[in-house]
Amino acid sequence: MTLSLDFLALPLLTASALLLLSLVAGLFSARLGFSFLLVFLVAGMLLGENGPGGVVFEDFRLAFWVGNVALAVILLDGGLRTRYATFRTGLRPSLLLATAGVAVSAALTGLGAWLLLDLDWRLALLLGAIVGSTDAAAVFALLQTSGVRLNERVASTLEIESGLNDPMAVFLTLALIGLAMTPNTGAARLGWAPLLALVQQFGWGLMLGGGLGWALADGLRLLARLTRPGSGVRALLLLSAGMAVFALTTWVGGSGFLAVYIFGLVVGNRARGSVAPALQAMDGYAWMAQAGMFLLLGLLVTPTEALGTLLPALGVAAVLMLVARPLAVWLCLLPFRFPPREVAFIAWVGLRGAVPIVLAVFPVMAGVDGAKTFFNIAFVVVLASLLLQGATLPWAARRTGVALPDRDDPVAARQVYGDFEVPANTPMAALCRFYGWPPVEDEQLTVGEWFGRACEHAPVEGDQRRWGPAELSVRRVQGGTIERIGIRLEETGDAGGEGGEGGRDATP
């Protein structure tokens, strides 16, 4: 009797061919402006029971397990690539967006769901919590593949928010599941339990992620000096350590997502020389995690069921994208005095990805009535977000003026910064006399100091201020200090000669 290996070969052939075709299609879709991840989600749907593949898959427990592990890998990779300097401009607004912003988005979206779907208020708020947070996988992937270079304040705010908001979304989802499962218990009778649970989630996440990251960074540096492991081995060390941190933190009741992101952040900054060779391999792990997660979640969706709630689900998506997210972003960024154009862009690029679909599995596993409807609505919301917000990111960045020119494109640099540039230590009073601008009150100020005082926040490349007939912009920032200022004049005249970086040096 011959042993048949069809049980191994056929599923492996199907999975690998599907992944290969999805990757190739994803590369072309990215060139067309669509999210790379959208292709994997659609490929999973085509493989499913309503597609040509005809595969019936309803293992929510497996999808939940794979989704959580994949998100942990993606957050680890994102943390390893984030520099401490990024937190100079993005930490405080990101923290507010990742906590109060998620709560406001969830509440407003829940109100919309209550009106559109005629749900009990507890279930409506639960649906709002499921779709209320931005997705790290979608944000990290789209910022990498869009080809758009955003100014530091906007990019850091989006990246840090997406890395930190999962704990709040998980907390709200679990708390509201508990409320929905015990309808006779009012919100007021819950007492301090939800607040203590939130503190526990953030506390354990910060403590274990930071502490274990600090310890591993020292160990990794020592290991690199003693054994000189290859880049692949280093990546495996980081991956296994990150998964252990995620699992340990989750086991003790903390936020594994927050812990693994903080762990990657600490290790990536404290042992940068040891981590850098592993980043290319880590990028491959992260992409594999994203591809597998979106394929599996797409396979879990039954499109014919989702069509039954399509119109209300699109209404929920519209409330989220056009009302809840913009209002939450505006309220959270108001104390930091972000320029309106940056607020508009951050509000629009509140991408939803795998996180809402993974969170929608929670009520299914808990046995909440009508939980499969939440899953279908979350899927439609994610699909709408990837199609509309993801595809329009480059256009929105250019439209709102947050996109910066490529550093190797002098023509684009002149269009953004003007034809002239000066060192930041040039006296502002001298520039005023040279160009005939209105005088400044303090003639001892350099143009960099004047610009810093005129800003209501830490200056970043691309910031602009008008003075008289001129528009001044930050061309280069190093370590939080302005180094070069671009000048755009209504009438340029013949001042200055040829300068560096595609502009003309106009120093008086």
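Guide: Start with Asp 283, which counts as partly exposed because its relative accessibility is 24% (buried is under 20% relative accessible area, exposed over 50%, partly exposed in between, with a 1.4 Å probe and protein chains only). This is a predicted model, in which local features need pLDDT of at least 70 and side-chain atom pairs pLDDT 80 or more, while totals for chains, interfaces and linings use all residues. Residues are numbered from 1 along each chain as written, and side-chain values use heavy atoms, without hydrogens or water.

Visitor: Which residue forms a salt bridge with Asp 283?

Guide: A salt bridge puts a side-chain nitrogen of Lys or Arg within 4 Å of a carboxyl oxygen of Asp or Glu. Here the partner of Asp 283 is Arg 81, with the closest N and O atoms 3.8 Å apart. The two sit 202 residues apart, Asp 283 in helix H13 and Arg 81 in helix H3 (helices are DSSP runs of H or I, at least four residues, numbered from the N terminus). Arg 81 is also partly exposed, at 32%.

Visitor: Are Glu 342 and Arg 153 buried or exposed?

Guide: The side chains of Glu 342 and Arg 153 meet in a salt bridge of 2.8 Å, N to O. Glu 342 lies in helix H16 and Arg 153 in helix H7, so this pair ties together parts 189 residues apart in sequence. Glu 342 counts as buried at 0% relative accessibility, and Arg 153 is buried at 1%.

Visitor: Which residues do shared partners join into one network?

Guide: Asp 77, Arg 81 and Asp 283 are joined in this way by their salt bridges, and a search of the whole structure finds 14 salt bridges.
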